[in-house]
Amino acid sequence: MNWQKILHWSKEELEDLRYVGYSYLQQGSYEIALTIFQALIVVPPTLAYDLQTIGALYLQTNNNAEALHHLERALSMVPDHYPSLLNRAKALYALGHKRQAYLQSKELENCVDPHIAKKAAALAISYQ
């Protein structure tokens, strides 16, 4: 089904919904934000941003398996998205895949984004 056609939503309306979801995320209303972003991924085209946001929201709500699933989907679309890679490492640690998570964290320590590099180093140290 093409929900965008059925609902008669324009790209602008989808962006508005995305903005509302992000606003709830910023307020810490993770369940509401998650519901909004889950709705967005059933309306084509699915964006990597929406998938990685769902992954991050699942991390916040301690649903690490779902977080990893959505982060993997996002990374299949945009393989070098550093925040998603960092969140993937967090999900892997939480799920007990320590070696894989550690290797991912160590790799991210060399990231060009110093914010990601510092968080990755702290993550790797905290799980040694």
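This is a predicted model: local features need pLDDT of at least 70, side-chain atom pairs count only at pLDDT 80 or more; totals for chains, interfaces and linings use all residues.
Visitor: What does the C-alpha trace span along its principal axes?

Guide: The C-alpha trace spans about 50 × 25 × 25 Å along those axes.

Visitor: What share of the residues is buried, and what is the accessible surface?

Guide: Of the 128 residues in the protein, 38% are buried. The accessible surface comes to about 7,600 Å², and carbon and sulfur atoms account for 55% of that area.

Visitor: Let us turn to H5. What should its span be, and what is the distance between its end C-alpha atoms?

Guide: Helix H5 covers residues 64-77, which is 14 residues, and at 1.5 Å a residue it should span 20 Å.

Visitor: Which residues of H5 are buried?

Guide: The buried residues in H5 are Asn-64, Ala-67, Leu-68, His-70, Leu-71, Ala-74 and Leu-75. In general, an α-helix has 3.6 residues a turn, so residues three or four places apart point the same way.

Visitor: And what covers those buried residues of H5?

Guide: The cover includes helix H4, residues 48-60, and helix H6, residues 82-94.

Visitor: Take Asn-87, then. Where does it lie, and is it buried or exposed?

Guide: Asn-87 lies in helix H6. Its relative accessibility is 13%, so Asn-87 counts as buried, the cut-off being under 20%.

Visitor: Which residues does Asn-87 contact, leaving aside neighbours within four places in sequence?

Guide: With those neighbours left aside, Asn-87 is in contact with Ala-56, Leu-59 and Leu-71. Leu-71 is one of the buried residues of H5.

Visitor: What about Ala-120: which helix holds it, and is it buried or exposed?

Guide: Ala-120 is in helix H8, residues 114-126. Ala-120 has 0% relative accessibility and therefore counts as buried.

Visitor: What is in contact with Ala-120, apart from neighbours within four places in sequence?

Guide: Apart from those neighbours, Ala-120 contacts Leu-86, Ser-105, Leu-108 and Glu-109.

Visitor: Now the surface. Which residues form a nonpolar patch there?

Guide: Tyr-22, Leu-47 and Tyr-49 form that patch, and together they have about 250 Å² of accessible area. Tyr-49 lies in helix H4 and is partly exposed, with a relative accessible area of 32%.

Visitor: Where is Glu-15, and what does its side chain join in a polar contact?

Guide: Glu-15 is in helix H2, residues 11-26. A polar contact of 2.5 Å joins its side chain to that of Arg-18. Glu-15 is partly exposed, at 43% relative accessible area.

Visitor: What separates the C-alpha atoms of Glu-15 and Val-112?

Guide: They are separated by 29 Å, and the two residues are 97 apart along the chain.

Visitor: One last item: what is the phi of Asn-62, and where does Asn-62 lie?

Guide: Its phi is near 60 degrees, a positive value in a residue other than glycine. Asn-62 lies in the loop between H4 and H5 and is exposed, with a relative accessible area of 63%.

Terms used:
Residues are numbered from 1 along each chain as its sequence is written. Side-chain values use heavy atoms; hydrogens and water are left out. Helices (H or I, at least four residues) and strands (E, at least two) are DSSP runs, numbered from the N terminus. The expected span of a helix is 1.5 Å times one less than its number of residues. Buried means under 20% relative accessible area, exposed over 50%, partly exposed in between (1.4 Å probe, protein chains only). Contact means heavy atoms within 4.5 Å. Patches are made of residues with over 30% relative accessible area and no salt bridge: like charges are joined within 9 Å, nonpolar side chains (Val, Leu, Ile, Met, Phe, Trp, Tyr) within 5 Å. Accessible areas come from the Shrake-Rupley method with a 1.4 Å probe; for residues, only the protein chains shown count as cover. A salt bridge is a side-chain nitrogen of Lys or Arg within 4 Å of a carboxyl oxygen of Asp or Glu. A polar contact is a pair of N or O atoms within 3.5 Å; within protein, one must be able to donate a hydrogen and the other to accept it, and residues adjacent in sequence count only if both atoms are side-chain atoms.
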